[in-house]
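Here is a short briefing to read alongside your viewer. Keep the sequence and the coordinates open as you go through the points.

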Amino acid sequence: MKVLSVTSVIVLSILLSAMAQDKNEPSAENPAQCYGAPGVPGTPGRDGRDGRDAAMFAKGEHGEKGERGFSGAPGNAGSKGPAGVKGVKGERGSPGVKGVGGNLGPRGPKGEMGLNGRKGEMGINGRKGDKGEQSCASCHSQPLELNWKQCVWRREDGTDTGVIQECPFKKQHGHTALQVAYAGNLRVLCPGSTCCSRWFFTFNDTECTGPMAIDGIVHMRNSNDNPLRHRQIEGYCENLPAGQVKIGFNIGICSGYSTANGYSGWNSVSRIMVAEMPPAQQ
């Protein structure tokens, strides 16, 4: 029960007082009496007792929704969850840009010497020689006047097959030998493969047969080296008649090989030296 306010108590007191006056007014049953003025209202009574349970009364309407409260403090991090399922393998990416070429690697060790080439085919027979001088038993014992010559040039020659230089020489006697020599720079070049070039002398366009050819070779195997080096080829050729001899220094193909990249006379002087020598000892 709601507590009565002070105003309600005062109003109630006035009503009770009026009812009491009505009862005290004179009437036939109640003779007239004299009464004084109404007394001053008493003090309000004490609060009434609590009302009955609210369940007996109708439930009130819902109030309006209040404003949103402030966000609370973040909670503690939870424990690590289990590992997820392995994903599907992605597609292959496009090829990357080609990188810059690396520096030239160090020079490799010198390779082993190759096998000897097969024996070459027999050459064409040479032309018939000039008639020799009449032999004499005393020719070998007579001293010879020194007869020699050299042909010198400074030229870089890239000929791979053919004559490089000729040097004519006048031979004085038929029973003597010619000593020939070449001194100069020779090389052969064949990067990444095997190659060989042969340098040799000819006498009147024919190689020496007394006793054998005068030649030399330069062989390279799987190398990027450019072996520009001084080399010397020399020997004696016998059985040559007296008279003019056309001596040639040539380059050609080694037996069992194809034409190679030969080079003669790089950055230096080349020379052919010829001398007429007494016959060999018996």
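Trp199 stands opposite Ile251, a residue of β7. The strands β4 and β7 (residues 243-253) run antiparallel and are joined by seven bridges. Please keep in mind that this is a predicted model.

**The sheet**
- β4 and β7 belong to an open sheet of four strands, ordered β2-β7-β4-β5 and paired in antiparallel fashion.
- At the edges of the sheet sit β2 (162-171) and β5, each of which pairs on one side only.
- From one strand to the next, the twist averages 10°.

**The nonpolar core**
- The largest nonpolar core holds 29 residues, and Trp199 is among those with the most contacts inside it, together with Phe201, Phe203, Ile247, Phe249 and Val274.
- Two or more residues each come from β1 (147-153), β2, β3 (177-189), β4, β5, β6 (229-237), β7 and β9 (270-277).
- β3 gives the largest share of this core, with five residues.

**Around Cys208**
- You will find Cys208 in the loop that lies between β4 (194-203) and β5 (215-221).
- Cys208 counts as buried because its relative accessible area is 5%, under the 20% cut-off.
- Leaving aside residues up to four places away in sequence, Cys208 touches Phe201, Phe203, Ala213, Tyr236, Cys237 and Glu238.
- Leu240 is 32 residues from Cys208 along the chain, and the C-alpha atoms of the two are separated by 8.9 Å.

Conventions
Residues numbered from 1 in each chain as written. Predicted model: local features only at pLDDT ≥ 70, side-chain atom pairs only at ≥ 80, totals over all residues. Heavy atoms only, no water. Buried < 20%, exposed > 50% of the residue type's maximum accessible area, 1.4 Å probe, protein only. Contact = heavy atoms within 4.5 Å. Pairing = 2+ DSSP bridges. Axes fitted to C-alpha atoms, helices over the stretch in contact; angles between N-to-C directions. Core = buried A, V, L, I, M, F, W, Y, C linked by side-chain atoms within 4.5 Å.
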